[in-house]
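Please keep the sequence and the model in view while working through the points.

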Amino acid sequence: MAEVGSGIGQSRWTNALFVAPYMLILFGLLIVPLCLGIWLAFQDYDMLGGWAGGVGLENFQNLLDDRIFRGTVRNTIKFVLMTTPAFVVLGLFLALALNNALRRSGILRTIFFGSSVLSVTIVTLVWRLVYLPDRGLLANALGLLGLPGVDLVTSQVWALPAIAIVTVWWIIGLPMTLFLAGLQQIPPELYEAAALDNAGRWRTLTGITLPSIRRTIVVVAVIEVILQFQLFGQALLITGGGPDNTTRPMVQFIYEAGFRDLQLGFAAAASQVLFALMLIAALAQFWAGRRQGA
Amino acid sequence: MRTWQRGRSLGDRLLLAAVVALAVVWLAPIIWVVGLSFKPNEVLMHSTGGILTPPFTLKNYVDILAASSVFGWMLNSTIVAFGQTILTLLIASLAGYGFARTNFPGRNALFVLVLAALAVPEQAIIVPLHTMFAAADLHNTYTALIVPRLAFPFGVLLMTQYFRAIPPEIEEAALLDRASRLKVFFRIVLPLSIPAQATLGIYTFLHAWNDYFWPLVSATKPAMYTLTVGLASMQTNFAQTEGIGFLMAQAVFAGLPVLILYLFFQRHIVSAVAGGPLK
């Protein structure tokens with residue numbers, strides 16, 4: 001690389017050396033495993049029995065017939081439907097409140113974003129203590145109101161919402177920050193015009209603010225759908241998938257099939273189903289967002 | 001916005017009150033856990049009510065220090081997080097500069113490939129990745145804990161964007177002096193990119209420190225656990241909650257370094273985390 005031509009933009013093979021280290025890693029540790037995973041999904045391959053050849057769609061057929069897997073798909077979609085609207089509505093509410101030049105918004109922002117930096121292990125440890133049926137913080141708070149303590153974590157109805165609450169508490173900072181960035185890009189002239197028209201708070205919100213950040217709303221919703229489809233640690237550590245499989249998510253199914261039962265082909269097939277569902281959900285939302293805009 | 005600064009309307013006051021109340025709810029679990037971590041387990045057996053009433057004790061923290069494995073896990077997490085951060089900064093900066101500022105055959109096609117890689121979630125590759133590392137007999141090593149995350153393209157895209165914004169005239173002058181591309185990169189461009197390095201570095205460190213799924217399946221020997229995996233392994237016998245003060249002290253002990261980091265580098269962390277999924 002001693003000699004360099006006159007132009008900065010001149011095309012040279014040697015310049016590819018800058019990207020070579022990353023491209024090798026990308027190829028070896030992402031593209032190859034991705035292709036290997038797609039191939040594995042069509043193979044009868046488990047760690048103990050070894051490779052027993054291609055089986056076509058049999059892994060996918062088995063997944064369809066698997067009551068537990070169907071349950072994990074249902075749980076995961078339920079979880080996404082619980083958390084995504086909560087992230088959008090609460091994130092937008094916080095951003096609107098903090099954006100309105102409230103004096104202590106710096107401290108408040110620090111508080112609402114702070115829990116995002118903790119690991120899933122710490123978050124679940126804290127919340128399992130909060131949810132303790134007899135001595136938890138929740139039981140204490142209910143006790144102050146004269147209500148009996150409840151054991152959310154072992155309830156078939158409440159366990160998944162309890163995990164959803166933990167998740168919203170954990171990472172509300174991301175949607176809040178994205179909405180704040182969106183709000184700050186709205187030109188102030190729009191609000192000045194509204195003020196001249198004597199538009200009320202509600203009309204300003206629905207007439208100016210929300211239409212101006214429509215794109216941010218779509219982006220936040222898509223990001224949250226993709227993130228929440230990946231539910232794993234919270235469920236594994238709070239409920240372990242129970243009670244009666246009502247909180248077991250798809251990623252936990254992949255984890256158990258692949259790393260406990262060592263059925264690699266079967267687990268790889270489940271991964272492909274998850275990947276496909278995530279892509280479909282994200283594309284559907286982008287499509288819906290664009291149609292609404294037209 | 002002048003009206004906001006003069007007398008606040010009733011609506012604004014209500015909004016402020018609602019947000020402050022919500023902030024209290026947000027903080028409550030953490031304050032409760034920190035407070036009770038200083039109380040003796042015998043007291044917590046009966047009541048977890050008042051966090052401000054004595055007796056207080058440091059025994060829960062002393063017990064953590066006595067459980068020698070926690071320090072080993074913290075060391076593992078530190079090695080993995082620093083290793084991943086330094087390698088990511090180096091590799092992503094080189095690649096970002098290559099894509100942003102140099103030209104070579106096939107550049108645009110490769111860049112599209114990098115962009116497409118953003119769509120691949122960890123779960124889609126974790127089973128085959130685990131098989132590959134098992135075949136290479138690399139599990140339970142720092143290499144296995146550090147290397148796989150280097151493949152995710154966020155850092156490269158962030159650095160590409162940053163280098164594109166640096167005026168090219170700065171380099172052109174140096175290149176006219178017959179300095180090599182690599183020399184220009186290390187002497188001139190890299191020092192200019194320190195703000196982006198800080199953002200990417202903190203982001204990478206935080207992700208590595210908090211990572212759960214891959215370390216869970218790769219590091220199966222307790223001596224190779226990271227702090228995140230190790231703490232999770234100690235939570236399993238939760239049903240017999242005799243030592244909840246000890247559990248709380250663990251949460252505080254493990255969370256404190258990250259929270260301190262957050263308070264010092266809040267701006268970088270927020271911009272990195274919020275910028276991450278958008279790029």
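1. The contact between the two chains takes 76 residues from chain A and 84 residues from chain B; two residues are in contact if their C-beta atoms, placed from the backbone, lie within 7 Å. On the side of chain A that touches chain B, helix 1 (residues 20–40) of chain A gives the most, with twelve residues. Helices are DSSP runs (H or I, at least four residues) numbered from the N terminus.

2. By class, that side of chain A has 55 nonpolar, 17 polar and four charged residues. Here Ala, Val, Leu, Ile, Met, Phe, Trp, Tyr, Cys and Pro count as nonpolar, Asp, Glu, Lys and Arg as charged, and the others, Gly among them, as polar.

3. The model is predicted: local features need pLDDT of at least 70, side-chain atom pairs count only at pLDDT 80 or more, and totals for chains, interfaces and linings use all residues. Residues are numbered from 1 along each chain as its sequence is written, while chains are lettered from A and ligands numbered from 1 in the order in which they are written.

4. Within chain B, helix 2 (residues 10–36) of chain B passes helix 15 (residues 244–264) of chain B with axes that come within 8 Å and cross at roughly 120°. Axes are lines fitted to C-alpha atoms, for helices over the stretch in contact, and angles run from 0 to 180 degrees between N-to-C directions.

5. Helix 2 of chain B meets helix 15 of chain B through Val33(B), Val34(B) and Leu36(B) on its own side, and through Gly245(B), Met248(B), Ala251(B) and Val252(B) of helix 15. This contact has six nonpolar, one polar and no charged residues.

Conventions: Helix = DSSP H or I, 4+ residues; strand = E, 2+ residues; numbered from the N terminus.
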